[in-house]
Amino acid sequence: MARINLEHIRHAYGAKPKSEADYALKEVHHEWNDGGAYALLGPSGCGKTTLLNIISGLINPSEGRILFDGTDVTHLATQHRNIAQVFQFPVIYDTMTVYDNLAFPLRNRHVPEAEVDRRVKEIIEMIGLGGWAKKTARGLTADQKQKISLGRGLVRSDVSAILFDEPLTVIDPEMKWVLRSQIKRLHKRFGFTMVYVTHDQTEALTFADKVVVMYDGQIVQIGTPAELFERPSHTFVGYFIGSPGMNVLPAQIDGATAAVGGESIALGFQPRIKAGATTELGIRPEFISLGREGMPVAITKVEDIGRHKVVRAHFADRPISIIVDEDGEIPAEPRVTFDQKAINIYADSWRVGEEA
Ligand code: ADP
Ligand code: MG
């Protein structure tokens with residue numbers, strides 16, 4: 001159970017970084033609450049594994065400090081950080097039985113054998129390998145081995161934090177769902193701080209209380225699923241979260257009005273823009289209404305995706321997406337209106353607030 005502070009962390013893998021581009025992590029500075037469930041979400045290569053390995057101590061950051069409950073652990077070895085880590089690929093002992101693999105982290109800490117037995121039996125049922133306790137791990141399939149790995153991460157109840165690096169990638173979808181809810185249950189019961197890396201937005205949004213979105217070596221937003229959806233703090237978050245993602249249109253801001261192509265859109269507030277910034281208007285496909293009123297659009301394609309239709313269109317010479325109800329009709333001369341409350345304005349890709 002630990003509060004984790006990341007203080008001005010930067011990391012370059014090469015010995016002599018020449019420019020910002022050489023940094024896998026550019027500037028990570030955040031506090032993660034004790035007992036929180038954080039999902040670390042971002043595209044491949046954005047620095048998720050690097051950050052996780054810095055928290056666990058497998059990597060020493062080039063710059064910055066890590067604190068657990070206020071204590072500097074930056075140079076403390078992994079085994080002294082009281083954490084468990086589950087990797088994307090199985091890390092188990094092939095020659096040991098499934099039971100002994102799960103018991104290992106407990107015996108290693110001299111937990112009494114009766115307690116070991118109790119914990120191992122609970123975890124072995126949880127990962128669905130109850131009938132396999134006495135088998136050696138060698139003969140198991142890749143996904144069974146990964147379940148053992150996961151079990152080894154979850155078997156200790158006294159860890160400060162558990163770090164998961166895309167642990168369910170090789171597990172089939174149904175079992176994924178089961179294991180996710182089991183992890184959540186253990187998290188509630190034992191109160192460890194949980195950091196769960198994934199590149200899958202559905203997994204992140206259903207699993208965590210706070211989603212940490214990473215992009216290009218930086219954390220661009222930490223928020224609840226609702227915050228990420230309604231107020232993406234960076235255009236990348238808008239694109240990445242949601243399906244289809246947020247529409248981002250080049251816009252000229254003048255007071256409380258945005259000009260997009262030849263159209264003029266009332267914002268209802270005056271964004272605070274620095275001179276010279278590139279400005280954009282963000283609006284999610286869910287918050288555009290298609291009908292007979294408003295600004296003209298040219299529809300290029302309608303995709304039926306079950307409960308909704310995704311309409312692809314051109315608005316002010318730009319491609320946009322609009323989500324309409326399954327039974328929503330599409331008029332012959334379609335027009336759109338934007339829900340004013342759902343408009344976000346960006347300057348140099350970052351969301352701007354209102355003029356004070
Ligand atoms: P993610 O887990 O989000 O996919 P990583 O943290 O693995 O991202 O990688 C971040 C960046 O650091 C990438 O550009 C990757 O190529 C680079 N990188 C990762 N590991 C190493 C390494 N051991 N040596 C050199 N570069 C690395
Ligand atoms: Mg990774």
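**Ile-320 and the overall architecture of the predicted model**

Ile-320 is located in strand S20, which spans residues 318-325. In this predicted model, the residue counts as buried because 21 C-beta neighbours lie inside 10 Å, where 20 or more are required. Leaving aside residues up to four places away in sequence, the contacts of Ile-320 are Asn-247, Ala-313 and Phe-315. Ala-12 lies 308 residues from Ile-320 along the chain, and the C-alpha atoms of these two residues are separated by 38 Å.

The domain assignment divides the chain into domain 1, residues 4-230, and domain 2, residues 244-351. A distance of 39 Å separates the C-alpha centres of domain 1 and domain 2. In the UniProt record, an unreviewed entry, residues 4-241 carry the annotation "domain: ABC transporter". Helix makes up 35% of the chain over residues 4-241 and strand 25%, with the end C-alpha atoms 25 Å apart.

An α-helix has 3.6 residues a turn, so residues three or four places apart point the same way.

The C-alpha atoms occupy a box of roughly 75 × 50 × 35 Å along the principal axes. The chain has 356 residues, of which 38% count as buried. Among contacts with a separation of 6 or more, 66% are between residues 24 or more positions apart.

The mean pLDDT of the chain is 94, and 100% of its residues reach 70 or more. The model scores are ipTM 0.99 and pTM 0.92. Where pLDDT is low, predicted coordinates should not be read in detail.

How values were computed:
Residues numbered from 1 in each chain as written. Chains lettered and ligands numbered in written order. Predicted model: local features only at pLDDT ≥ 70, side-chain atom pairs only at ≥ 80, totals over all residues. pLDDT = per-residue confidence, 0-100. UniProt positions renumbered as here; feature names shortened; annotations may be inferred. Helix = DSSP H or I, 4+ residues; strand = E, 2+ residues; numbered from the N terminus. Domains from an automatic or database assignment. Buried ≥ 20, exposed ≤ 12 C-beta atoms within 10 Å, placed from the backbone. Contact = placed C-beta atoms within 7 Å.
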